[in-house]
Amino acid sequence: MDLGLKGKVAIVAAASKGLGKACAIALAKEGVNVVICSRNQAELLEAAREIGSTTGVEVLAIPTDVTKPDDVVKLVEQAVARFGRIDILVNNAGGPPAGTFETLGDEDWAKALELNLLSTVRLTRAVLPHLKKQGSGRIINITSYAVKQPIAELILSNAARAGVTGLAKSLSNEFGKYNITVNNVLPGLHTTARIDYLHQSRAKSQNRTFEEIRVEETKQIPLGRLGDPADFGSIVAFLASEPAGYITGQSLVIDGGAYKGLM
Ligand SMILES: NC(=O)c1ccc[n+]([C@@H]2O[C@H](COP(=O)([O-])OP(=O)(O)OC[C@H]3O[C@@H](n4cnc5c(N)ncnc54)[C@H](OP(=O)(O)O)[C@@H]3O)[C@@H](O)[C@H]2O)c1
């Protein structure tokens, strides 16, 4: 299927590794010029080099902390200065720390909301004028299957992602008239540094081994394996595409069937 993405421009946030990088690769394979960001400059430049050399598209790497409002504005300015347009925004950031309600304080809550909710607000605010001007656009937020089924010991993520879900539905209502779609993609368990961290953390809190936790969690997935980040990236590329132009305001779980509910 021709996704109609050749020559488009995407900003993919938090994309030096993991799911963000997989999204950038999937878009680049479709001929999209990608602007990627993250904080660690060396890892970011290496990711940009790898994506550019394997796909042949131009990759612009801009060191950015998505929790810093000035960084976000500069990221979008530099993307527009280089490519003259933005068609696709993939909102993403690292995950907040593990913890339960009684182990976390106001500072943890404020940081988590900055990282996973306000970064989405600010990136979207900076990109929207460009999408409106063009009369089309795609905004895709990476959240978590926690939105459908809260995850034990991840209360910060459970709450912040719900905020992004409400934001996305409101944005889809407000900006549909500009032919801008806004959707969420909900990862289950994909093989990234984040999932290693969570399984280490769970092993520690339950006084068990990392391997025991890994096997137990994998058994919960009907497809019998953790997700490859590439499984995730290809769906994001589809949601960014022309054929997906009538999908908006939705939350799509990509989890090998791990979520147990019906809807
Ligand atoms: N992997 C999964 O299966 C899964 C499941 C549910 C939810 N999620 C969520 O999906 C998102 C991506 O997860 P992942 O597994 O890809 O994580 P990851 O492998 O840990 O990668 C996180 C990426 O985000 C960047 N980053 C972190 N904080 C940032 C900041 N403040 N500003 C800019 N970039 C930042 C990191 O680079 P720097 O550290 O250099 O900035 C890195 O490139 C996270 O929010 C995670 O909680 C993932």
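1. A pocket here is an open set of points on a 1 Å grid over the protein atoms alone, where a 1.4 Å probe fits and protein lies on both sides within 12 Å along at least five of seven lines; lining residues have an atom within 4 Å of a point. Volume is the space filled by probe spheres set on the points, with points joined across faces, edges and corners.

2. A word on provenance: this is a predicted model, where local features need pLDDT of at least 70, side-chain atom pairs count only at pLDDT 80 or more, and totals for chains, interfaces and linings use all residues. Residues are numbered from 1 along each chain as its sequence is written, and side-chain values use heavy atoms, with hydrogens and water left out.

3. The largest pocket holds about 1100 Å³ of space. Among its 47 lining residues, Asn92, Ala93, Gly94, Gly95 and Arg194 are closest to the centre.

4. Where does the ligand sit? The space it takes is the largest pocket (a molecule sits in a pocket if more than half of its atoms lie within 2 Å of its grid points).

5. Finally, the polar contacts (pairs of N or O atoms within 3.5 Å). Ligand oxygen atoms lie 2.7 Å from a polar backbone atom of leucine 19 and 2.8 Å from a polar side-chain atom of arginine 39. A ligand nitrogen is 2.9 Å from a polar backbone atom of valine 66.

Methods:
A polar contact is a pair of N or O atoms within 3.5 Å; within protein, one must be able to donate a hydrogen and the other to accept it, and residues adjacent in sequence count only if both atoms are side-chain atoms.
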